[in-house]
Amino acid sequence: MTTPSDSALAPEPEAISSAPMTENTFVATAAGNDDPPAPIRGLRRLLWWIIPANLGIFLIWGAVPGILLPAQVTEFDSANKYVNLLIITTIGSFASILAQPIAGQISDRTRSRFGRRAPWIIIGSLAGGLALTGLAFADSLVGLVIAWTLVQICYNFAQGPLSAVMPDRVPLARRGTFAALSGIGLMVGALGGSIVGSMFLHSIAAGYVIFAVISLVTLTLFVIFNPDYSSREIVPEPFRLVDFLRTFWVNPVKHPDFFWAFTGRLLLYTGYFAVTGYQFFILTDYLGIEDPATVIPILGVLSLVGILISTIISGPLSDRIGRRKPFIFGSSVFVGLAMIIPMVSPTIEAWMLMTFISGFGFGMFQAVDTALMSQVLPSAKSFAKDLGVVNIAATLPQTLAPAVAGGIVLSVGFIGLFPVGIVLSILGAFAVWPIKASR
C-alpha cells in the first residue's frame, strides 16, 4: 500500500496562534491545525467558488473512466474489452499515484506574484484539456494508454494544488462547511459526469472536448475570482530527494492516527468505486440493460440526491458538535450494507436503491473526512505535497477500481464484486476507531 511519510505527515498537537498569521509567517511557521490568513476576497466567496472548481475536474473523473472510456474500448475491440480496460486503467492509475505528490511538491516551491497554487491550476487544466482531446482521437491500445495516462497526470497537476486551498485559506472552524461544499462540487461532478457522459455514448469525441472546455473555464474563473497572496518573498526549503521519497511511507507505530485515517479512506473508496466505478458493465452484462444511456441519468440523480442530503447536513453538523469520527463510521456502514441489495436481487430496481443509500453514505464520508485530514498536516511549507500523498487514498481507488473490478469479474463473475465492496467498506468503518486525535 502506498502511504505518506513518517516525517511529512505526523499529527501535530492543537495550537492556537498568539497573533494573526500573515501570508509569509503562516507558510514559515504554521501547521494544518493553525488558522491561515483571511482570503484576499473574503471567505464567503471562496466557499462558494470551490463548488464549480471541483465540478470542473470531477465531471471528467465521473464521465471518462466509468462511462466514456469503457464505451470507447468496447468500440475499439469488443472481444477484449475487459482486458484492454484493465491495462489502460492500471497504467493510468500508477501514473496518478505519483502525479499529485510531485505536483504538490512543485506547487509548494513555486514563487510567483499569483501565489503557489494558481499557476499550476491553470497549467494543469490546459494541458489536461489537450490530453483529453488527444484521447478522443486515439485509435489503438497504445494510443489509449498514452492519452489516458497524460490525462491523469495533467489533471492531477491541477487537482493537487486546488486541494491545498483548504489548509491555505480556510479557518479551522469552517473546514467542515468548506469540505461539505467542496464535496458537493466533487460528487455533483462525479455523478453529473456519469449522467452527461452517457449522453455522449454515441459521440464520444465531442464529449471529451466539451469536458475539457468546461474544466478549463471553471478553474480559470476560480483563480481569477479568488486571488492568492504573492509567494515571491517566501524562501523555499532545500529540496532533498530522499526526504521526498520517504513521503510514500508512514510508520503505523509512530503515527497511528494518520495511518488509520489514511487506511480508512483507502478501504472505503476502494470498496465504493470497485462496484460503482464498474457500473457500465454491471448494467449491460449483469442486469441485462440493453441501452445504459436510458437509466444512467436516473441512477445519477438518485445517487446525487443521497449525497447532497448527507453532505449538506454532515459537514456543518460536524463543525457544530466538534466530532468527525461518528460520521466517518456511519458512512462506511451505509456504503457496505447498501451493496447487499443488488447482490441478493440482481434487478435494476435493486441497483437504484443501492445507488441512493450508498450515495448517502459516501456523501457523509466525503464531507467530514476531508476536514479531518486537513487538520493533521504538519507544515504550511508542504501542504500541497502532503495532501497529494493523502489524496492517493482517494484518487487511486477511483482510477484503479475499474481494473480491480475487471480482475474480479474475469475470475469469479459479477457476483464477486459485491462481497469485496462490502468487506472493504466495513473495514474502512472500523479503521477509524483507533484514532485518538479526533473524536
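Met 352 is partly exposed, with a relative accessible area of 23% (buried means under 20%, exposed over 50%, and partly exposed in between, with a 1.4 Å probe and protein chains only). The model is a predicted one, in which local features need pLDDT of at least 70 and side-chain atom pairs count only at pLDDT 80 or more, while totals for chains, interfaces and linings use all residues. Residues are numbered from 1 along each chain as its sequence is written, and side-chain values use heavy atoms, with hydrogens and water left out.

Met 352 belongs to helix α15 (helices are DSSP runs of H or I with at least four residues, numbered from the N terminus). Not counting residues up to four places away in sequence, Met 352 touches Ile 298, Leu 299 and Leu 302 (contact means heavy atoms within 4.5 Å). Between the C-alpha atoms of Met 352 and Gly 300, which are 52 residues apart along the chain, the separation is 9.4 Å.

## Nonpolar cores

The largest nonpolar core holds 107 residues, of which Leu 132, Tyr 278 and Trp 351 touch the most other members (such a core is a set of buried Ala, Val, Leu, Ile, Met, Phe, Trp, Tyr and Cys residues joined through side-chain atoms within 4.5 Å). Helix α2 gives the most to this core, with 18 residues. A second, separate core has 5 residues, including Phe 26, Phe 383, Ala 384 and Leu 387.

Leaving aside neighbours within four places in sequence, Leu 132 is in contact with Ile 60, Val 64, Val 151, Tyr 155, Tyr 208, Phe 211 and Ala 212. Tyr 208 is also among the contacts of Gln 72, together with Leu 135, Ala 136, Ala 138, Leu 144 and Ile 204, again leaving aside neighbours within four places in sequence. Gln 72 lies in helix α2 and is buried, with a relative accessible area of 8%.

## Helix α11

Helix α11 is largely enclosed by the rest of the structure, because 6 of its 8 residues are buried. These buried residues are Gln 279, Phe 280, Phe 281, Ile 282, Leu 283 and Tyr 286. Gly 288 follows α11 and has a positive phi, near 75°.

## The largest cavity

A search of the whole structure finds 6 cavities of 30 Å³ or more. On a 1 Å grid over the protein atoms alone, a cavity is a set of points where a 1.4 Å probe fits but cannot get out, and lining residues have an atom within 4 Å of a point. Grid points are joined across faces, edges and corners, and a volume is the space filled by probe spheres set on the points.

The largest cavity contains about 430 Å³ of space. Its lining comprises 30 residues, with Gly 62, Ala 190, Phe 273, Thr 276 and Gly 277 nearest the centre. Helices that each supply at least two lining residues include α2 (43-76), α11 (279-286) and α15 (348-374), and α2 gives the most, with 6 residues. The lining divides into 14 nonpolar, 16 polar and no charged residues (Ala, Val, Leu, Ile, Met, Phe, Trp, Tyr, Cys and Pro count as nonpolar, Asp, Glu, Lys and Arg as charged, and the others, Gly among them, as polar).

## The second largest cavity

About 340 Å³ of space lies in the second largest cavity. Of its 22 lining residues, Ser 163, Ser 182, Gln 366, Thr 370 and Asn 391 are the closest to the centre. Helices α2, α5, α6 (165-169), α7, α10, α15 and α17 each supply at least two residues of this lining. The most come from α15, with 4 residues. The lining of the second largest cavity divides into 11 nonpolar, 10 polar and 1 charged.

Key
On a 1 Å grid over the protein atoms alone, a cavity is a set of points where a 1.4 Å probe fits but cannot get out, and a pocket is an open set with protein on both sides within 12 Å along at least five of seven lines; lining residues have an atom within 4 Å of a point.
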